[in-house]
Amino acid sequence: MFDCNRAPEELPGFAAALDEAGADDLWVVEDLGWNGGVSAAALALAATSRLRVGIGIAPAPLRNPSLLAMEIATLARIHPGRIVAGIGHGVPAWMKQIGAYPKSPLSLLEENVVAVRGLLNGETVTLDGREVHLDGVKLVHPPAVVPPVVTGVVKPKGLELSGRVADGTIIVEGLSPERITEAIATIRSGGAGDDHEIINFTFLHVEDDPSKIAKIRETALTGQAGFLGVPVEEVFGLIGPAADVPAKVQALADVGSSTVVLRPFGDDHLGQALAALKALGR
């Protein structure tokens, strides 16, 4: 993952280095005030030849589904099979800050995903929903290779919704394998089949010194621990020696994660990512 705190001019070089090193995916971020997700994805795609690039994640209140489908379709036509559209609720405080907080976040997300998927599939979409209203909208240039539309959700109702209407689900950083198992069960309860991609965002920091590892966990993961409602020592992450990376990635795969997206933190994001890829045999 290319962290939103990194300057956008670093992205092409970061993407090219990961492409050369053998990474499968690169995910970019869309957070209020930071980089735009679609433009960041376009930069990453243009700088690489084979990486799949994911938008993680576009806030539904910020993105009209017609416009988002147009943007994604453009990238998908130029880079077929290499773009993933992630859509989520958006951080409530940020959505309120810009006057875009919906009356029903769940309705908005579901209707947005349904509309975007329909448009990308070349359908004429008419939808008079609780939050989304489209009247006979159709893309002139739908993509030949339809990209997956996935959601980034956390709570049970959102996970069930994702299983019902999306092509995949992004699992939030820090969940233990046991909680990931519970989340996947909720996604399945919405109707998701075996082809529903489980995308696990996961913290990464390669470090050999035990004292530094403890300090890094305490300083970097406290906020996420509060968000998840667990002690900081229960926040799952690939934090420690590079030799431990393969086993921890395998632990996530063993509970059903289809894709593991490493989110490096610290000053040397690229070095961290490359060290993990080397440990994984890339």
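Predicted model: local features only at pLDDT ≥ 70, side-chain atom pairs only at ≥ 80, totals over all residues.
Q: Fine. Which residues of α8 are buried, then?
A: In α8, which covers residues 210–220, they are I213, I216 and R217.

Q: How are they placed around the axis?
A: They span an arc of only 100 degrees, so they sit on the same side of α8. An α-helix has 3.6 residues a turn, so residues three or four places apart point the same way.

Q: And what is on the other side of α8?
A: S211, K215 and T219 are there, and they are exposed.

Q: What do the buried ones pack against?
A: The buried residues of α8 pack against β8 (197–206), α9 (222–228) and β9 (237–240).

Q: Switching to α3. Which of its residues are buried?
A: P65, S66, L68, A69, I72, A73, L75 and A76 are buried in α3.

Q: What covers them?
A: The cover includes two helices, α2 (37–46) and α5 (105–120). It also includes the strands β2 (52–59), β3 (83–88) and β5 (133–137).

Q: What span does α3 have, against what is expected?
A: From first C-alpha to last, α3 (residues 65–78, 14 residues) reaches 20 Å, close to the 20 Å expected at 1.5 Å a residue.

Q: What does N64 do at the start of α3?
A: A side-chain oxygen of N64 comes to within 2.8 Å of the backbone nitrogen of S66.

Q: β2 came up. Is R52 in that strand buried or exposed?
A: R52 lies in β2. Its relative accessibility is 17%, so R52 counts as buried.

Q: What is R52 in contact with, sequence neighbours aside?
A: Leaving out neighbours within four places in sequence, its contacts include the acidic residues D24, D25 and E197. Also among them are W27, R82 and T259.

Q: Aromatics next. How many pairs in the whole structure?
A: A search finds four aromatic pairs. One of them is W34 with W94, which is tilted, at 5.9 Å centre to centre and 45 degrees between the planes.

Q: Where do W34 and W94 sit?
A: W34 is in the loop between β1 (25–28) and α2, and W94 is in helix α4 (residues 92–97), so the pair ties together parts 60 residues apart in sequence.

Q: What are their accessibilities?
A: W34 has a relative accessible area of 40%, so it is partly exposed. W94 also counts as partly exposed, at 23%.

Q: Last one: where is K96 relative to Y101?
A: K96 lies over the face of Y101, 5.0 Å from the ring centre.

Methods
Residues numbered from 1 in each chain as written. Heavy atoms only, no water. Helix = DSSP H or I, 4+ residues; strand = E, 2+ residues; numbered from the N terminus. Expected span 1.5 Å × (residues − 1). Buried < 20%, exposed > 50% of the residue type's maximum accessible area, 1.4 Å probe, protein only. Contact = heavy atoms within 4.5 Å. Polar contact = N/O pair within 3.5 Å; in protein donor to acceptor, adjacent residues only side chain to side chain. Phe/Tyr/Trp six-rings, centres within 6.5 Å; stacked < 30°, edge-to-face > 60°. Lys NZ or Arg CZ within 6 Å of the ring centre and 35° of its normal. Arc of directions from axis to C-beta.
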